[in-house]
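Hello,

Here is the structure I promised to pass on. Please have a look at it first; my notes follow below.

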Amino acid sequence: MGRPSVFNEELVNSIVKSIELGMTWNRAADAAGIGHSTLREFRQRGAAGEAPFAAFVARLSSAEAAGVAHSLSNIRAAADKGAWQASA
C-alpha cells in the first residue's frame with residue numbers, strides 16, 4: 001500500500017486561491033506546502049481526465065482566468081486615472 005494522498009479540499013482551495021492571486025504554479029505549491037512535482041502530477045492526472053483531479057484542473061483554469069482579469073482591471077483603472085505607466 002502506498003503513502004496516503006495529500007490531495008484534499010483544503011489543499012485544493014489553497015492552491016486555487018494562490019493561482020487567483022497571480023502566483024506561479026511553483027509558488028502556489030510552496031504556499032500549500034507541497035512539492036512542485038506533486039502539483040505537476042495532480043495537473044497531469046487531471047488533464048488525463050482522472051477524477052477528482054479533472055475537477056481540480058477545471059478550477060485552476062477558472063482561477064487563472066479570474067486572476068488575469070483582475071490584474072488587467074487594476075491596470076486599466078490605474079491608466080484611466082492618469083497613470084500612463086500602468087498601460088505602457
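**Overall fold**

The protein chain contains four helices and zero strands. Helices (H or I, at least four residues) and strands (E, at least two) are DSSP runs, numbered from the N terminus. In order from the N terminus, the elements read α-α-α-α. The radius of gyration is 16 Å, well over the 12 Å that the globule rule gives for 88 residues, so the protein chain is more spread out than a compact globule. That radius is taken over C-alpha atoms, and the globule rule is 2.2 Å times the number of residues to the power 0.38. Along the principal axes, the C-alpha atoms fill a box of roughly 60 × 25 × 20 Å.

A word on the source. This is a predicted model: local features need pLDDT of at least 70, side-chain atom pairs count only at pLDDT 80 or more, and totals for chains, interfaces and linings use all residues. Residues are numbered from 1 along each chain as its sequence is written, and side-chain values use heavy atoms, with hydrogens and water left out.

**Burial and core**

Of the 88 residues in the protein chain, 20% are buried. Buried means under 20% relative accessible area, exposed over 50%, and partly exposed in between (1.4 Å probe, protein chains only).

The largest nonpolar core has 15 residues. Such a core is a set of buried Ala, Val, Leu, Ile, Met, Phe, Trp, Tyr and Cys residues joined through side-chain atoms within 4.5 Å. Ile15, Ile34, Phe42 and Phe56 have the most contacts inside this core. At least two core residues come from each of α1 (9-20), α2 (25-32), α3 and α4 (53-80). α1 gives the most, with five residues.

Take Phe56. Leaving aside neighbours within four places in sequence, Phe56 is in contact (heavy atoms within 4.5 Å) with Phe7, Val12, Ile15, Val16, Leu39 and Phe42. Across the protein chain, 41% of contacts between residues at least 6 apart in sequence join residues at least 24 apart.

**Arginine 45**

Arginine 45 sits in helix α3 (residues 36-47). Is Arginine 45 partly exposed or buried? Its relative accessible area is 28%, so Arginine 45 is partly exposed. Not counting residues up to four places away in sequence, Arginine 45 touches Glu50 and Phe53. Arginine 45 and leucine 72 are 27 residues apart in sequence, and their C-alpha atoms lie 31 Å apart in space.

Best wishes
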